[in-house]
Amino acid sequence: MSLLVKLIFIISFISFTPIPNLYALADAQTGNDSLAIDMQTATVHHPLPDPLIVIPFVILLLMIATGPVFYKHFWEHHYPKVAIILGLITVLYYLFVLRDSHSLLHTLTEYLSFIAILSSLFVASGGILIKVNKKATPLLNIGILLFGALISNVIGTTGASMLLIRPYIKVNQDRISAYHIIFFIFIVSNIGGSLTPIGDPPLFLGFLRGVPFFWVIGAVWFIWLPALVLLLLIFYFIDSRNKTQGVESKVYSGKIEFKGLKNLVYLAIILISVFLDPSIFSWVPNLYPLPFGIREIIMFAVVFIAYKLADKEVLKANEFDFEPIKEVAYLFVGIFATMIPALQLISNQARMMGEKLNEGIFYWATGILSAFLDNAPTYLNFLSASMGKYGLDVKNSAHVMQFTYNYGSYLTAISVAAVFFGATTYIGNGPNFMVKAISERAGISMPSFFVYLIKYAVPILLPIFILVWLVFFS
Amino acid sequence: MFEKNLKGLHYGNRLILPFHCIFLKVVINREIITDFSSTSKFLNLVEGTDYTDLYFREYENIKETLSEYESIKMVIVEKNKDVFDFKNHIKLAVYLEEKHKLRIEKTDDDILFIE
């Protein structure tokens with residue numbers, strides 16, 4: 001992890017080092033949150049990047065997709081270096097060619113926020129052990145998946161995934177197959193969390209910009225529900241055909257046991273800290289120019305305290321290891337850095353074509369990019385572009401609210417697409433990778449990036465996405 | 001034999017297990033190993049007089065790759081038992097301790113390990 005910390009330190013240091021900047025943002029002094037908002041309009045103030053600088057991003061995506069399949073040994077040993085080197089190419093380009101340190105600082109702020117919530121939920125839920133002593137049936141599995149979909153709106157898709165993946169595997173241990181895990185990723189790690197801003201990071205960013213907290217559930221539930229029911233029905237059909245029997249003599253007590261419940265307090269602290277943002281409560285101190293806020297400090301403190309004070313028996317039973325979060329941290333530092341130019345170019349293109357773009361186009365564009373980029377910045381860029389159509393500014397929370405109520409169908413399309421399509425690939429959403437890693441460590445062979453995409457995501461998710469588009473956004 | 005915890009040794013990428021057995025599956029980190037042939041690129045098995053050496057070819061030092069709470073998991077069958085009877089399949093968790101010691105336990109109900 002030390003290499004990663006060093007990189008973050010270097011980016012922070014360079015970003016705060018005064019560099020002559022002809023395009024300095026007038027409102028750069030307004031704090032972390034404004035910095036994140038400014039990122040959306042960076043294309044207005046800074047020269048656009050050369051399209052060729054998207055190459056490191058493309059290389060990184062290709063390597064994430066092909067590394068574990070074609071050059072596994074190299075990839076396992078060197079993926080941190082690959083992610084950091086490719087990220088550094090983009091960082092150096094922005095610093096010394098574009099002389100745009102602000103975009104880097106915005107991205108660093110968003111990255112730290114992303115990794116703070118992911119790692120704190122990972123550690124806090126890793127200290128909880130749920131033992132379900134019941135016989136696995138398709139109906140029980142549907143119950144677990146449905147429960148996961150619901151609680152992902154309360155503790156986030158990451159928290160719900162980490163909490164439930166182990167008992168879910170354990171219950172199914174005599175009949176487990178890759179499709180069990182893949183449907184778990186579809187439902188609990190992604191689509192389930194569409195109803196509240198806590199559910200998935202893009203919705204949370206929208207909330208920070210001014211989208212009312214309960215607007216999301218009102219605007220999305222009637223899309224969420226049929227999509228979820230369809231997925232559960234498909235799962236039930238597949239799982240009912242799984243005739244693998246467990247040990248017949250095995251006696252099930254029917255009990256559900258919990259250990260490490262004190263970690264629920266940590267989860268509550270994380271959830272409360274989510275709202276500790278100067279843009280929500282003015283009394284929350286603004287730590288600008290530091291690339292993090294009080295919220296991130298609390299979350300990283302929870303990582304430390306929750307790990308140090310955790311029940312060792314629970315950690316042993318969960319085989320707790322930082323490797324899954326370390327992998328996400330390294331890969332996403334590369335993804336966040338290299339995708340800056342891609343997002344700026346896309347945002348600019350969307351603004352130029354604003355008049356021609358309808359809800360359907362925003363749905364597909366946000367969705368496809370969310371599948372391969374991080375869905376949070378993708379959401380914000382398309383929110384910015386769609387608001388631009390009506391002369392509204394994403395930096396202005398009153399404008400965001402006006403847009404939400406007057407042109408809510410655009411926001412619904414972008415919100416649904418950002419969350420739903422995150423299930424399409426392993427890199428579409430943070431928890432996808434973690435669930436895959438935990439499953440593999442439990443001895444379950446998981447499909448490669450391409451097999452996941454072609455054998456599962458395209459045939460199962462794409463028809464649902466098309467249906468959603470036809471019914472709600474076409 | 002496995003009702004009590006057993007002790008073994010580890011040096012670099014080598015585990016020394018104090019028994020002979022038939023290996024069915026070994027999981028280390030995210031690597032699921034089922035190829036135990038002499039040409040396996042992941043694992044080399046060598047039987048001594050009353051012990052078995054496992055060399056993990058992909059690693060220089062296994063201990064560096066496992067956290068305090070992680071184990072190497074394996075499904076084995078004792079040599080004189082019927083390999084085709086699932087009741088004879090034994091799941092083991094191997095913990096790497098200080099001073100090159102190994103602790104070998106039958107996995108309890110809490111450990112997540114799929115055969």
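Student: Which residues does F184(A) touch, leaving aside those up to four places away in sequence?

Tutor: This is a predicted model. In it, F184(A) touches L145(A), I165(A), Y168(A), S189(A) and V435(A), with residues up to four places away in sequence not counted.

Student: And which residues touch the most other members of the largest nonpolar core?

Tutor: They are F184(A), I187(A) and I414(A), in a core of 147 residues. Helix α13 of chain A, residues 323–352, supplies the largest share of this core, with 16 residues. Another core lies apart from it and has 21 residues, among them V27(B), L43(B), L54(B) and L66(B).

Student: How many helices and strands are there in chain A?

Tutor: Chain A has 19 helices and 2 strands. Of its 474 residues, 53% are buried. Among contacts in chain A between residues at least 6 apart in sequence, 84% join residues at least 24 apart.

Student: Is H106(A) buried or exposed?

Tutor: H106(A) is buried, because 26 other C-beta atoms lie within 10 Å, and the cut-off for a buried residue is 20 or more.

Student: Let me turn to helix packing. At what angle do the axes of α8 and α17 of chain A cross?

Tutor: The axes of α8(A), residues 201–209, and α17(A), residues 408–420, cross at roughly 145° and come within 8 Å. On the α8(A) side the contact is made by P202(A), L203(A) and G206(A), and on the α17(A) side by S415(A), A418(A) and V419(A). By class, that contact has 4 nonpolar residues, 2 polar ones and no charged ones.

Student: On to the two chains. How many residues of chain A are in contact with chain B?

Tutor: There are 21 residues of chain A in contact with 16 residues of chain B. On the side of chain A that touches chain B, the elements giving two or more residues are α6 (138–171), α12 (312–317) and α18 (430–441). The residues on that side divide into 10 nonpolar, 4 polar and 7 charged.

Student: Now the sheet in chain B. What is the strand order?

Tutor: The sheet is open and has 9 strands, in the order β4-β3-β7-β8-β9-β1-β2-β6-β5, with antiparallel pairing. On average, neighbouring strands are turned by 25° against each other, direction ignored.

Student: Why do β4 and β5 of chain B each have one side without a neighbour in the sheet?

Tutor: β4 (31–33) and β5 of chain B stand at the edges and have a single partner strand each, so one side of each is left without a neighbour in the sheet.

Student: How is β5(B) joined to β6(B)?

Tutor: Strand β5(B), residues 43–47, and strand β6(B), residues 52–56, run antiparallel and are joined by 5 bridges. They form a hairpin with 4 residues between them, and E47(B) has T52(B) as its bridge partner. Strand β6(B) also pairs with β2(B), residues 14–17, in the antiparallel sense over 4 bridges.

Student: Which residue takes a positive phi in the hairpin of β8(B) and β9(B)?

Tutor: That residue is K99(B), with a phi near 55°, in a hairpin that has 4 residues between the strands.

Student: Finally, confidence. Where does pLDDT stay under 50 in chain A?

Tutor: It stays under 50 over residues 9–44, for which the model has 69 contacts beyond four places in sequence. Chain A as a whole averages a pLDDT of 84, and 89% of the residues score at least 70.

Key:
Residues are numbered from 1 along each chain as its sequence is written. Chains are lettered from A and ligands numbered from 1 in the order in which they are written. This is a predicted model: local features need pLDDT of at least 70, side-chain atom pairs count only at pLDDT 80 or more; totals for chains, interfaces and linings use all residues. Axes are lines fitted to C-alpha atoms, for helices over the stretch in contact, and angles run from 0 to 180 degrees between N-to-C directions. Two residues are in contact if their C-beta atoms, placed from the backbone, lie within 7 Å. Ala, Val, Leu, Ile, Met, Phe, Trp, Tyr, Cys and Pro count as nonpolar, Asp, Glu, Lys and Arg as charged, and the others, Gly among them, as polar. A nonpolar core is a set of buried Ala, Val, Leu, Ile, Met, Phe, Trp, Tyr and Cys residues joined through C-beta atoms within 7 Å. A residue is buried if 20 or more other C-beta atoms lie within 10 Å of its own, exposed if 12 or fewer, and partly exposed in between; C-beta atoms are placed from the backbone. Two strands pair if DSSP finds at least two bridges between them. pLDDT is the predictor's confidence in each residue, from 0 to 100.
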